[in-house]
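I opened the notebook on this entry with the overall fold in mind, and then went on to single elements. The entries follow the order in which I looked things up.

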Amino acid sequence: MSVLVEKFKEGYSVLFDRNWPLWVGGVLLALLGIICMAAGRPWGVAGGLRVWSDWLFYWIGLYNSAPGNAFFLSNTSILTWGLLFGAFGAALLSRQFAWRNAPTWELLKGLVGGVFMGVGSVMAGGCNVGGFYTALAAGSVSGFAMMVGLLVGALIGLKYLMWEIEHITMKPPKQKAAKEGGVDWSKVQPWLGALFFLFLVGWSYCLSFRAYTQEAVLMLTAVGIGIVIQRCRFCFVRSFRDPFMTGEAVATRAVALSVILSVFGFFAIKWFRADWQMVYIYHHWIGGLVGGVVFGIGMLLAGGCGSGSVWRAGEGQFKLILAVATFSMSNSLFKHYVWTRDVANSWGKPIFLPAVTDYFWAIVITGVVMLVWWAIMAWNEETDSLTMV
């Protein structure tokens, strides 16, 4: 019996005491993203955040009509809830949940960065996930435009951060001293995390009896995504920022690998489901480019992208909680009052890449772009030719 206990502890330590390699995260995210697509709703984050604020503004009387998507049990919203739940539960199991404050200036950057991300994600048709990662996997040409925009936005944001280091001094927030004799939360958190996940599984099973099977599948898949990105510390910001800041390209390789794997899965589904060809192809390339720049600046200010902000909020990081809040509200307001359907249509048309080439060449084109990005950043990793810091 003691041997089994020791083996269990070893396995638990591998899963929750150490971070998982980023390439593992890239592979698992591709698999889970394909499952979401097969379940009828590709993985996205910004749409769910918008639903939350759509309801908030409806409840306080700012919007006249109720949102079309339910606050919780809608395909759009439940993916973001699941991501948050998965990251929260994984943080508990790994003893990493804690309320973390930040200097006042950093909190302001979180607020402003969230607004930038909210506006940029509307223009691009999604955040770094829906407008770039999932869009490329789905064959949307606008995904390439947002990728270029994210690179430009990351460079602008990094320039600002370098200026900030030279000109602004921040005082760290006051930390409360731990009380002697209090509860040792490092021992309690894994038990709370296990109970939380048991609750989620049981709840999803119960939903299936109320004709919410699709929502239950999507939520559990999103919970899996939350676990993966929390354990890998997977953040798309790193793939665009780190090559120019530290020269490191580990995150870039993981994202490029994940996109390539996702393309095969998404295209296979679309090949057999012709009526799904235009799913996630509603983006507009000029909007993708400009929105990518705006979003890229915002994610550098906030220190997290759409998915990265949500999973860090699930860990209790106050700056990212503020970023998620302003991301959600600015996205909803900009979509409601500014980025109407007519405005969006005037900025470009949705283009499904396999309809222009065919599936084979669309895979080749996407794969080559990802490999070129990978190769340039790998070259920079050795030469530091593009590193700015």
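I took buried to mean under 20% relative accessible area, exposed over 50% and partly exposed in between, with a 1.4 Å probe and protein chains only. I worked on a predicted model, in which local features need pLDDT of at least 70, side-chain atom pairs count only at pLDDT 80 or more, and totals for chains, interfaces and linings use all residues. Residues are numbered from 1 along each chain as its sequence is written, and side-chain values use heavy atoms, with hydrogens and water left out.

Helix 13, residues 306-314, came up as mostly covered, with 9 of its 9 residues buried; among them are Trp 311 and Arg 312. After helix 13 I noted Gly 316, whose phi is positive, near 95°.

For the secondary structure I used DSSP runs numbered from the N terminus, helices being H or I of at least four residues and strands E of at least two, and I found 17 helices and 0 strands in the chain.

I then looked up the size, with the radius of gyration taken over C-alpha atoms and the globule rule being 2.2 Å times the number of residues to the power 0.38. The chain has 21 Å, which agrees with the value near 21 Å for a compact globule of 389 residues. Its C-alpha atoms fill a box of roughly 65 × 60 × 50 Å along the principal axes.

Of the 389 residues, 53% count as buried. With contact meaning heavy atoms within 4.5 Å, residues 24 or more positions apart account for 82% of the contacts with a separation of 6 or more.
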